[in-house]
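Work through the exercises below with the sequence and the model at hand. Each task is followed by a solution in steps.

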Amino acid sequence: MIGVNPEGDARAIFNATDIDKLTIPLWVFDADNSRVVWANQEACRLWQADSMEELCLRDLSADISSAVKERLQQYKNNTPDTDRTFHELWTLYPEGVARTYRIAICGHELPDGRMGLRIEALAESKEAPVQLRSAEALNHIKIGISLFDLAGEPLYSNVAAHKMYGSALPSLKQRFVKDSDYHFILSSIQESESASKICQVQTSEGKRWHELSIMRCFDGPTGKPAFMLSETDVTKLKEKEAKARYLAHFDLLTGLHNRNYVNSHYPAIIEDAIENEERQVIMVIDLDHFKSINETLGHSTGDALLRHVAKSLQRFFGKDAHIARLGGDEFVIVAPFTSSFLLDEQCQAILTAITTECHADGHLVNANASIGIALCPEHGTDLPTLLQHCDLALHDAKNCGRDTYRYYRPSLQKAAIAKRNLENDLLAAIERKEFRLFYQPRVDCQSQQVVSAEALIRWQHPQRGLISPGEFIEALEDTGLIHQVGDWLIEQVGLDQQFLQRNGHCFPISINISPKQFERSDFVRRLKMGLARSHCPAKYIEIEITESMLMGVGFDAKSVLIDLRREGFSIAVDDFGTGYSNLAYIQEYPISSLKVDRSFINMIEDQSSVVNLILSLCRLIGVTAVAEGVENVDQLAWLQMNHCDQYQGFFFSRPIPLDDMLTLLNSSHSSSMQHSIPDILDAEVIWA
Ligand code: C2E
Ligand code: CA
Ligand code: CA
């Protein structure tokens, strides 16, 4: 159409001959192509064109501001008929110079059937630059501005509002998704000059969240009262808000409520129940050995397992309970309490549901859990107390072998307080240097010569006297103080070994290592450093570790043992027979002695075949067999007869202080007399 016989088209468009005589610039614009398709002489003058042909060939996109361009497109879309005329103040840029005009626009069908625009530039406006600028600004701003009459029918919408609602220009009421929001806005504006609300509106892009602000005003041209609505799209903000709210209160992995939610909402749930005199049960559920599942099967399996547990709990309780994940592998449930009988059944059922085989991330996982229970109001009336009591009960369940449930009882609290006091006392004990080392000789079964000694720790308590390790090792481990004590111990053992050596008794001393020490990456380094301070060579130190430590999951026990060996330490497996009894690794690991647990020696009559098997194994792989807890001559006789290498026990000596040890060693002649054993034949009679 462009440039094709424009004069002929103009006649076709207007059917008038004297149109060129008009003093008003008038042109027909093809908004799709930003080109004039017809212009009268005044229009050519306005655009500073020599002729209409020249004007029609111009691409006007550069001469029209982007706001006007958008506006033209809207007019084109909004004026399918030619009846409506719009008036506006415009800035045009003929030949790059800004000029202002009062523009009248109406639709005009182009010869090819598309909708064009007939534009009259009524008069060059000189009087209202501010008005003009504000009109321009209105078209530029991203805030949607619309004017409505009092019935809510649209009078005007700026470019942004047009973009929001398209060409249909809905009424005020039609814009709201919820009628209640519309009525709120209406009633608010009745009561005051303005109102605002964030609500959902029905835009051309679907439902969006808008921040609406409405105020009373007057329609300029008619002077009638009207509403001015300004609106901003806050959907993204709303979504972010909703996500933040979700993240704040929900656990992403399981979809259950999280600890935050528990802390902020559960107190009210508990308060309400107390007010309504309803009893509640609070359960804390913790998976058993979750850490090792995570470490051996991977974190995605761990995650899948947690989801399985969450689903099991939801399925089990339905809507009757509040279920949340407190973090890690810990869940909390608050539910109405009916009877202990029912609760016992419920707990059993939960444990069974969790234990039920779970296919997690391609693995078949068999998980167990322990449950700690507190009742409200009996065991507490506020969330922190109830949760603390659940934790104590849970700890009790774990101590009772796991895969079980336990109720809170006041004695647990007492034990917990005692433990806390003990932990504080231990800290003071380190400062006051109250730990002592006792030594128990290790003796050659045949020659009765002391060949080694085991260092056993004692606590010289200022009030309670000598305390044995069974009472405080666990607390040292729990508080992490074991590392500090371990540093002291290795140095002291080194010094004591050197002391004995100077006194003519040179043999290795063994020390006990707790799993917490063994699993630390700096274990071997600390040991070396402590020993270096005593100037004792590592070949005089044997490290005693238990079977379960050898099997340690999540870290490479074998490489630690190899490191130890490389440094010169020898290694003994302590309490042998009580752990996993996996004999395969014994051969594989660099172990020098195997200490048969006291329980076997204690019942050697019943266990003789087991002990014999262990002794054979030791002989087979060239490891020194040491019998622990030998208390009487019969036991020793049996061990001698069955070729056990060494023994330790009250029969030869209890653990004793270093000075006593020296005395014992110095009087070895008399002690060997004292510990002389019966004739081997008698022993055979006893154990035949
Ligand atoms: P353990 O390593 O098995 O040590 C042997 C324990 O058996 C010692 O108890 C010892 O007194 C006792 N015992 C020795 N012979 C006999 C006997 O003939 N009959 C009876 N009934 N008992 C006997 P103790 O000294 O009370 O130590 C208990 C446990 O505490 C030790 O068992 C060891 O696991 C741990 N322990 C001791 N000292 C340390 C230490 O320095 N560090 C660490 N981590 N643990 C230690
Ligand atoms: Ca030991
Ligand atoms: Ca032992």
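The model is predicted.

**Exercise 1.** Is Asn 512 buried, partly exposed or exposed, and is Glu 544 buried or exposed?

Solution. 
- Step 1. The relative accessibility of Asn 512 is 30%. Buried requires under 20%, and exposed requires over 50%, so Asn 512 counts as partly exposed.
- Step 2. Glu 544 has a relative accessible area of 1%. This value is under 20%, so Glu 544 is buried.

**Exercise 2.** Find which residues coordinate the calcium ion (ligand 2) and how they are spaced in sequence.

Solution. 
- Step 1. The ion, ligand 2, is coordinated by Glu 454 through OE, Asn 512 through OD1, Glu 544 through OE and Asp 574 through OD. The distances run from 2.1 to 2.3 Å.
- Step 2. Along the sequence, the donor residues of ligand 2 follow the pattern E-x57-N-x31-E-x29-D.

**Exercise 3.** Find the protein donors of the calcium ion (ligand 3), and state which residue bridges ligand 3 and ligand 2.

Solution. 
- Step 1. The protein donors of ligand 3 are Asp 574 (OD), Asp 575 (OD), Glu 628 (OE) and Glu 628 (OE), at 2.2 to 2.5 Å.
- Step 2. Asp 574 is in strand E23 (residues 570-576), while Glu 628 is in the loop between strand E25 (624-627) and helix H25 (633-641). The pair links distant parts of the chain, 54 residues apart.
- Step 3. The bridging residue is Asp 574, and the two calcium ions lie 3.8 Å apart.
- Step 4. Asp 574 has 7% relative accessibility and counts as buried. Glu 628, at 11%, also counts as buried.

**Exercise 4.** Describe how helix H17 and helix H19 pack.

Solution. 
- Step 1. Helix H17 covers residues 481-502 and helix H19 covers residues 523-534. Their axes are 8 Å apart, at an angle of about 40 degrees.
- Step 2. This angle makes H17 oblique to H19.
- Step 3. The crossing of the two helices, H17 and H19, is right-handed.
- Step 4. Contact residues of H17 include His 483, Ile 490 and Leu 495, and those of H19 include Arg 526, Leu 527 and Leu 531.
- Step 5. By type, the residues of the contact of H17 with H19 are 4 nonpolar, 6 polar and 4 charged.

How values were computed:
Residues are numbered from 1 along each chain as its sequence is written. Chains are lettered from A and ligands numbered from 1 in the order in which they are written. This is a predicted model: local features need pLDDT of at least 70, side-chain atom pairs count only at pLDDT 80 or more; totals for chains, interfaces and linings use all residues. Side-chain values use heavy atoms; hydrogens and water are left out. Donors are N, O and S atoms within 2.8 Å of the metal (3.2 Å for Na, K and Ca); water is not among the atoms, so sites may look incomplete. Buried means under 20% relative accessible area, exposed over 50%, partly exposed in between (1.4 Å probe, protein chains only). Axes are lines fitted to C-alpha atoms, for helices over the stretch in contact, and angles run from 0 to 180 degrees between N-to-C directions. Helices (H or I, at least four residues) and strands (E, at least two) are DSSP runs, numbered from the N terminus. Angles under 35 degrees count as roughly parallel, over 145 as roughly antiparallel, 65 to 115 as roughly perpendicular and the rest as oblique. A crossing is left-handed if the near helix is turned anticlockwise from the far one by less than a right angle, and right-handed if clockwise. Contact means heavy atoms within 4.5 Å. Ala, Val, Leu, Ile, Met, Phe, Trp, Tyr, Cys and Pro count as nonpolar, Asp, Glu, Lys and Arg as charged, and the others, Gly among them, as polar.
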